[in-house]
Amino acid sequence: MASVASVTFSPEPFAACVQQAASRRDVREMVARLWQRDAALWSRDPAVQQQIRSRLGWLSIVGVMRSRTEEILAAAQEIRQAGFTHALLLGMGGSSLFAEVCRRTFGVAPGWLDLTVLDTTDPAAIAAARQQAPLERTIFIVSSKSGTTTESRTLCDYFYDQVRARRGAEAGRQFIAITDAGTPLEAEAKARNFRHVFVHGPTTGQDVGGRFSALTCFGLVPAALLGIDIRRLLGRAQEMLDGCQPSVPSAQNPAVQLALAWTEACSQGRDKLTLLSAPPLAPFGTWAEQLVAESTGKSGTGLIPIDGEALHAPSSYPNDRAFLELQLGTEPDARVAKHAEALARAGHPVIRLQWRDRDDLGGEAVRWFLATALAATVMRINPFDEPNVQEAKDRTNALLDRF
């Protein structure tokens, strides 16, 4: 479609298979059921279906966040005018990763805040982050959907004590929180008089899982502090949503095309998806890798993204690989393009995505959300299941209580 980043496939036999799959009636029905939020696409268990329905808010979050744009931009402008020059995001996993992609893709606009994402409790990394930004001119973003993430809360306490030693009761004015309604973090942020508290309610983002939260406050608030035009990001997201509706033929639906390419490759035994990113878009691969791997890697099956791998001769790759070339139309990379062409000539499936410019990041987030959910349907996987997340949290808390 002309209105969104383009996608093509090669070699011809692979492209023909994708197009043939797009003509199937069950594919059209699958897309319609997704937009109807039919949880039976991923599970027959009524209890699991209820859990899935509580995680499909990303299908309508773009409209919600467009209505909150002025609130976010006003807060970012107020923070900038208050003299802050740096931002340190304290968050873990999917809810913080998109902010890092924004920082590395767009950089920092003149006069805006230099953002660093601290998603580790490694003492050396914490010390490095502490030295990188001047404490008195740094705003701290405490980011946690549940509001109970041990790492984020621990980092918050550490830096709050650092600031309180200088500012006393005014320490909270150097902190903002992003969380869901009713969480312990929301209560703590209000008790400590944080500068801003961004909260997602039951129909305004609380029903969006962490790795699907790029276009909520978790991604958009840090983006605004970097000086990124979040109106344009959300505008591109809306374009992609419009282009992926059930009324759009499957052969022209950007998300369906991507999903079918993935599942067709898997059906050929090619369940390793190697990302070939032009340098300007290399940061996107980190986010895409987590989204696809965590969503489809279930029950002993799934699609395995491989990001950041060095380029090798086509003959050196086994027949379990498919490739995705990611190019920026305004800054195409000839080396990556040449490599993708050589892979296609050797018979490897190649998916080519070309963004118009960096603002297509908003639309691509939507495309990959939809494609991941649709591919999981074909693969008979529940992409919203998190079998080990709560177990890991419980065991961590038990160890902390013990020691």
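How many bridges join strand β7 to β8, and which way do the two strands run? The strands run parallel, joined by 3 bridges. This is a predicted model.

**Sheet**
- The open sheet has 5 strands in the order β1-β10-β9-β7-β8, with mixed pairing.
- Strands β1 (6-10) and β8 (304-306) are the edges, each pairing on one side only.
- From one strand to the next, the twist averages 20 degrees.
- Strand β7 covers residues 272-277, and its K272 stands opposite I304 in β8.

**Helices on the sheet**
- Helix α13 (residues 282-296) lies across β7, β8, β9 and β10. It runs at about 165 degrees to β8.
- Helix α15 (residues 361-378) touches β1, β7, β9 and β10. Its direction makes about 145 degrees with that of β10.

**Aromatic pairs**
- The model holds 19 aromatic pairs.
- F212 and F384 form a tilted pair, because their planes lie at 45 degrees, with ring centres 5.5 Å apart.
- F212 sits in the loop between β6 and α10, and F384 in the loop between α15 and α16, 172 residues apart.
- F212 is buried at 3% relative accessibility, and F384 is buried at 5%.
- W287 and F369 have ring centres 5.6 Å apart and planes at 65 degrees, so this pair is edge-to-face.
- W287 lies in α13 and F369 in α15, so the pair ties together parts 82 residues apart in sequence.
- W287 is buried at 1% relative accessible area, and F369 is buried at 2% relative accessibility.
- One aromatic cluster includes W42, F212, W287, F369 and F384.

**Charges over rings**
- The charged end of R80 sits over the ring of W112, 4.3 Å from its centre.
- R192 lies over the face of Y160, 4.1 Å from the ring centre.

Notes:
Residues are numbered from 1 along each chain as its sequence is written. This is a predicted model: local features need pLDDT of at least 70, side-chain atom pairs count only at pLDDT 80 or more; totals for chains, interfaces and linings use all residues. Side-chain values use heavy atoms; hydrogens and water are left out. Two strands pair if DSSP finds at least two bridges between them. Helices (H or I, at least four residues) and strands (E, at least two) are DSSP runs, numbered from the N terminus. Axes are lines fitted to C-alpha atoms, for helices over the stretch in contact, and angles run from 0 to 180 degrees between N-to-C directions. Contact means heavy atoms within 4.5 Å. Rings of Phe, Tyr and Trp (its six-membered ring) pair if their centres lie within 6.5 Å; planes under 30 degrees apart count as stacked, over 60 as edge-to-face and the rest as tilted. Buried means under 20% relative accessible area, exposed over 50%, partly exposed in between (1.4 Å probe, protein chains only). A charge sits over a ring if NZ of Lys or CZ of Arg is within 6 Å of the ring centre and within 35 degrees of the ring normal.
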